[in-house]
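Dear colleague,

Please find the structure below, followed by a short account of what was found in it.

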Amino acid sequence: MANLVNLIIKWPDINIKEVSENFSKLACNAHTICDGELRPLGTGLYPVVSIINHRFDMMCCFSCLPNSVLVFEGRMAVVRAVQCIPKGSEVLISYIDSAGSTMARQKALREQYFFTCTCPYCTKVNQFDDVRESAVLEGYRCKDDGCSGFLLRDTDDKGFVCQECGLLRSKEDIVRIASELKLMADKAAMSLSKGCYVEAQSIYKMVEKLQINLCHPFSVNLMRTRENLLKIFVELKDWQEAIVYCKLTIPVYLRVYPPFHPLLGLQYYTWGKLEWFLGNTEDAVKALTKAVDVLRVTHGINTPFMMNLLTMLEEARAEASYKFSSKDDSRQLMPYV
């Protein structure tokens, strides 16, 4: 984008205001075209989809709890319902990754799309349930390793108090770990961006250790670190470690995403592929079945990606059945003592 801007501004008699307006329209209305596994392929501008998403009352067309998802079949944009939508009701999609607190989502929407969402999910801001969820997703863990409570700021501003067991965690302790964590996270991201996977996995492991000490077990930041470790171990072809980190992310996915969300389905898909690759057929069938349950809703069943997934599941089931029958035959052939 920057290279294109630099090229255009060199043209003679260019209208900078008109160019900036067009780029702004593109930035707000364009969509990242992805394949079935949500890997970016390019950028597209879809007038019909943009009209749906940008009516006069923008809050009527957006929701952090959407009833539809936007996916792509080749270059074609498809808005697919993920729940029953009554006749005359608005079709709602989410512009952003909905994993995060209400304040984090609102901040992202203001910065990227210049409006404040008023969907039912966001109108609960500052209510107790919302405060608790924010503290879980983006706050700190209790000092007691056996406690799963969430922390809120102490009225005397001495630190954060666990709302379950009452233990106080001092500000000094949190600041110390958070400072070390930021430095380590920046270093890890730099290594990953350079493709230094062995170094990156070592540093991200240290980041994870610090986050486990600082953050709630359902922390979104901890989830992101584990997503990075999953990608790194896939690059390193360490399938067993990749499975470990894939499975660690799923409980958080179940908490931060709706039941029929492409990212949840794809995480099950990744887990299933890894299990099958290692010969863990029964676990592969379990994970791939969960993937199909979600992705047949978000992706449909007639796309090449879904047809491949359904074929993979059938093959995994056949292999699991064969292994089971082989074990049964072996037991029948064993001599009695």
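R255 lies over the face of F218, 4.9 Å from the ring centre; a charge sits over a ring if NZ of Lys or CZ of Arg is within 6 Å of the ring centre and within 35 degrees of the ring normal. This is a predicted model, in which local features need pLDDT of at least 70 and side-chain atom pairs count only at pLDDT 80 or more, while totals for chains, interfaces and linings use all residues. Residues are numbered from 1 along each chain as its sequence is written, and side-chain values use heavy atoms, with hydrogens and water left out.

The structure also holds 9 aromatic pairs (rings of Phe, Tyr and Trp, the last by its six-membered ring, with centres within 6.5 Å; planes under 30 degrees apart are stacked, over 60 edge-to-face, and the rest tilted). Y95 and F115 form an edge-to-face pair, at 5.8 Å centre to centre and 85° between the planes. Y95 is buried, at 15% relative accessibility, and F115 is buried at 6% (buried means under 20% relative accessible area, exposed over 50%, partly exposed in between, with a 1.4 Å probe and protein chains only).

The lining of the largest pocket has 25 nonpolar, 12 polar and 8 charged residues. The lining of the second largest pocket divides into 8 nonpolar, 4 polar and 3 charged residues. In these counts, Ala, Val, Leu, Ile, Met, Phe, Trp, Tyr, Cys and Pro are nonpolar, Asp, Glu, Lys and Arg are charged, and the others, Gly among them, are polar.

Yours sincerely
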